[in-house]
Structures are given as structure tokens and as C-alpha cells.
Amino acid sequence: MIEQFSVETAEGSFDALASGPEDGRPVLFLHGFPQAALAWEHPVAVLGARGFRAVAFDQRGYSPGARPERSAEYGIDALVGDVLGVADALGWARFDLVGHDRGGDVAWWTAAEHPERLRTLTAVSTPHPAALAHALTTDEDQHLRSGYLTEWRSSRTEQAMLADGADALRRMFEWKVPPSRVDEYVRRMAEPGALTAALDWFRAARPGGKAPKVSVPTLYVWGTEDVAVGSTAALDTGSWVDGPYRFEMLEDVSHWVPEHAPDALTSLLLEHLSGH
């Protein structure tokens with residue numbers, strides 16, 4: 001059973017999905033762009049059935065009740081603060097954290113700056129921010145893959161992404177995500193202010209090269225067909241983890257791992273959680 005509810009924090013109200021007993025081991029999921037907590041529906045349901053308390057929430061800008069208007073309010077400090085604020089509101093002193101895409105970036109920073117709050121970290125697709133920053137300056141392939149970052153900071157991006165029935169947004173998913181799910185993401189991004197808020201994550205990003213190393217037990221999952229992240233940053237990520245580390249490559253899997261390979265990812269996550 002999947003529950004739908006709101007988490008009230010000092011920064012606003014965050015829409016959330018959850019499964020599992022209230023006293024189960026807490027696991028928090030962070031989605032990426034341009035998705036929502038719905039991306040984690042499968043692992044949330046499976047973990048809940050296994051006795052965990054699994055919660056995924058629509059992050060800042062994606063939840064209508066937590067959608068500031070200024071780009072400056074989407075910096076990584078605010079996003080990490082939301083993770084801790086939601087955990088506090090749920091009564092979680094320590095928890096396992098899982099993040100994909102931009103949610104993975106937030107998860108890395110949370111683990112690096114607040115290791116005392118986490119039991120484990122699972123990052124999906126997104127390498128450690130410092131590994132990606134290094135690859136951007138040393139690897140031409142990664143530089144080309146990340147060219148969209150500059151484009152998306154333009155004020156014209158919203159109009160371009162929503163034109164022609166949001167064709168640009170739809171093509172982003174590479175036909176690796178179920179069409180009905182893509183329709184739901186597009187519907188949400190078409191809400192007034194929603195796409196601008198989601199893009200403000202990129203406009204207010206902190207340079208990844210300043211990210212500290214991570215000490216908590218970490219699982220990093222990367223698909224070999226990821227169009228946004230190449231092998232240089234993926235393979236270098238282990239250099240930025242001082243604690244127990246496991247790297248898993250999923251062959252022929254795209255950037256959209258949670259929905260392209262939900263069973264494989266959930267299995268790896270359960271192994272990681274049971275080992276720590």
C-alpha cells in the first residue's frame with residue numbers, strides 16, 4: 001500500500017509517498033529532474049512490504065506548497081536543509097538516504113556535510129560532485145555530455161521545453177520511462193511556476209569541486225547507457241568515499257534507472273541496507 005500525505009516543515013509543505021510501518025527502519029528517497037516522488041513508487045512499495053518505513057517526497061519547487069519564487073532559494077544548502085527538515089518532521093534522528101539525478105546530488109552533499117544523520121547513502125546515476133567536476137575539466141566526453149547545463153540556465157528554456165506539447169521534455173526520457181508516467185511528469189511541469197522552480201536548481205547550483213569526501217557506507221549505481229554521465233566520473237566516484245563503498249554498473253540501462261530497471265535497483269538497495 002502506498003500512502004499519500006504532506007510533510008509540514010518550516011520551509012513549506014512537501015507532498016510525499018510512503019509505505020511500511022511507522023516504526024520501520026526509515027529510508028528517504030530524493031527524485032531528479034524533471035520527475036517527482038512518483039519515480040520511486042516501486043522501491044517504496046517493496047521496502048514497505050519488507051518492514052522498512054520508506055518515504056519519497058516532492059522536493060523544493062516540485063511541491064506546490066514549497067515553491068519559492070527566487071532562484072537564489074534553490075541553492076544546495078537549502079535543498080540539503082529540506083532533507084533534514086523533512087527527516088526532523090518525520091521524527092527521524094538517523095535514516096538511510098537514496099537519491100537519483102539531481103536528488104542524487106543533494107544526497108551526496110547531505111552525506112558529506114551531515115554524516116551523523118545517515119546510516120547509509122545510495123546514489124543513482126549521479127556521481128560524487130567532485131568526481132563530476134573533475135571529469136568536466138579533464139574529459140572531453142563528459143564536457144559534451146554536460147553541455148545542457150549551460151543551456152538550461154537560459155531564461156528561454158521553459159518556453160522551449162514546453163513547446164509543441166512539451167516535446168523536448170518528453171524526448172528527455174529516451175522512451176525508457178512508461179508513457180503514462182511521462183504524461184504525469186509533463187502535467188506537473190506545466191503547472192504555473194513549476195518548471196521554472198525545477199530549473200532554478202541548475203541556476204543556483206554550487207560548484208561540485210568543493211564537495212567533501214563521504215564517510216558513510218555508500219552504494220553507487222550507474223547505467224552504462226547513461227547519456228548525462230560518462231564512465232570517467234562514474235569510475236572516479238570511489239575516490240571520494242572514505243567509508244565502505246560499492247559500485248554497481250547496470251549494463252544497457254539508461255540514466256533513468258529507477259524506472260528503467262526498478263527490480264535490479266531495488267534488489268541492490270535491499271542488499272546495501274541489509275549489509276549495514
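P192 is located in the loop that connects helix 8 (179–189) with helix 9 (194–203), helices being DSSP runs of H or I with at least four residues, numbered from the N terminus. The residue is exposed, with a relative accessible area of 76%; exposed denotes over 50%, buried under 20% and partly exposed the range in between, for a 1.4 Å probe and protein chains only. P192 and P64 are separated by 128 residues in sequence, yet their C-alpha atoms are 9.5 Å apart in space. The model is predicted, so local features require pLDDT of at least 70 and side-chain atom pairs count only at pLDDT 80 or more, whereas totals for chains, interfaces and linings use all residues. Residues are numbered from 1 along each chain as its sequence is written, and side-chain values use heavy atoms, with hydrogens and water left out.

The largest pocket holds about 550 Å³ of space. On a 1 Å grid over the protein atoms alone, a pocket is an open set of points with protein on both sides within 12 Å along at least five of seven lines, and lining residues have an atom within 4 Å of a point. The lining comprises 32 residues, with R102, D105, L132, L136 and L149 the closest to the pocket centre. Helix 2 (76–90), helix 3 (102–113), helix 4 (129–138), helix 5 (140–145) and helix 6 (148–152) each contribute at least two lining residues. By class, the lining contains 18 nonpolar, 9 polar and 5 charged residues.

The second largest pocket, at about 430 Å³, is lined by 19 residues, and Y148, W152, A168, M172 and V227 lie nearest its centre. Helix 7 (157–172) is, like helix 6, a source of at least two residues of this lining, and helix 7 gives the most, with 6 residues. Here the division is 11 nonpolar, 2 polar and 6 charged.

In helix 4, the buried residues are P129, A130, A131 and A135. Their cover includes helix 3, helix 5 and helix 10 (231–236), contact meaning heavy atoms within 4.5 Å.

The largest nonpolar core has 89 residues, of which L28, F29, F33, L47 and F95 touch the most other members; such a core is a set of buried Ala, Val, Leu, Ile, Met, Phe, Trp, Tyr and Cys residues joined through side-chain atoms within 4.5 Å. Leaving aside residues up to four places away in sequence, L28 touches V55, F57, V83, V86, W92, F95, D96, L97 and V98.

Note on methods. On a 1 Å grid over the protein atoms alone, a cavity is a set of points where a 1.4 Å probe fits but cannot get out, and a pocket is an open set with protein on both sides within 12 Å along at least five of seven lines; lining residues have an atom within 4 Å of a point. Grid points are joined across faces, edges and corners, and a volume is the space filled by probe spheres set on the points. Ala, Val, Leu, Ile, Met, Phe, Trp, Tyr, Cys and Pro count as nonpolar, Asp, Glu, Lys and Arg as charged, and the others, Gly among them, as polar.
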